Amino acid sequence: AALKDDPAFRPATADLACLLHRAMFEYDEAEAMYEDLLSKVPGHVQTLCNCAWLNYHRHHRGRKAQGYLETALQVEPTNPDALHMLARVVSEESRRLDEAQALYERALQSDPRHVDTLWSYGSFLMDYRDDVKRAEAMYA
C-alpha cells in the first residue's frame with residue numbers, strides 16, 4: 001500500500017526487496033530494487049547489508065559483498081550487521097582470521113546481544129580457533 005501511494009517511499013521499497021530475496025527467492029528482482037534504492041540513497045546501511053548478503057550467499061561474490069559492507073561501515077562504523085557480515089566474508093573468503101576476529105569483537109562492543117553476531121562468532125571460534133569454551137559462551 002505504501003508503494004502504491006508513493007512509489008518513492010524508500011523504507012517500503014527496501015522492505016519489499018528484502019521480502020523478495022529472503023522469503024520469495026526472487027533474487028534478480030530484489031537485486032534490481034536494491035540497486036535502484038542505492039542509486040537514490042547511496043548510504044542506506046540496511047540496503048547495503050542486504051545487497052552484501054544477497055551477493056555473498058546467493059551469487060558467491062565475496063569481493064562485491066565486501067565492498068557493500070565497507071561502504072556501510074563508512075556510513076555507520078559500529079553497525080553490528082555490517083561488522084559481523086564483513087567478519088564472515090573476510091574469514092571465509094580470504095582467511096584473514098585476525099581481522100575477522102577484530103570485526104566480531106567490534107560488533108559485540110556495539111551490541112553485546114546481537115544474535116547474528118553471537119551465532120556467527122561462535123561458529124568462527126569453533127571452526128577457525130578451535131576454542132570450544134568461548135564458542136559455547138556465544139551460544140549460551
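Reply: Buried means under 20% relative accessible area, exposed over 50%, and partly exposed in between (1.4 Å probe, protein chains only). Trp 119 has 49% relative accessibility, so this residue counts as partly exposed. This is a predicted model, with local features needing pLDDT of at least 70, side-chain atom pairs pLDDT 80 or more, and totals for chains, interfaces and linings using all residues. Residues are numbered from 1 along each chain, and side-chain values use heavy atoms, without hydrogens and water.

Trp 119 belongs to helix H8 (helices are DSSP runs of H or I, at least four residues, numbered from the N terminus). Together with Met 126, Val 132 and Tyr 139, Trp 119 makes a nonpolar surface patch of about 400 Å² (over 30% relative accessible area, no salt bridge, nonpolar side chains joined within 5 Å). At least two residues of that patch come from H8 (115-129), and at least two from helix H9 (132-139).

Thr 117, Leu 118, Ser 120, Tyr 121, Gly 122, Ser 123, Phe 124 and Leu 125 are its buried residues, and they pack against H6, H7 and H9 (heavy atoms within 4.5 Å). Seen from H6 (residues 80-94), the buried residues there pack against H8 too, along with H4, H5 and H7; among them are Leu 83, Leu 86 and Val 90.

From its first C-alpha to its last, the 15 residues of H8 reach 20 Å, close to the 21 Å expected at 1.5 Å a residue. Just after H8 comes Asp 130, with a positive phi of about 50°.

Technical notes: Patches are made of residues with over 30% relative accessible area and no salt bridge: like charges are joined within 9 Å, nonpolar side chains (Val, Leu, Ile, Met, Phe, Trp, Tyr) within 5 Å. Accessible areas come from the Shrake-Rupley method with a 1.4 Å probe; for residues, only the protein chains shown count as cover. A salt bridge is a side-chain nitrogen of Lys or Arg within 4 Å of a carboxyl oxygen of Asp or Glu. The expected span of a helix is 1.5 Å times one less than its number of residues.
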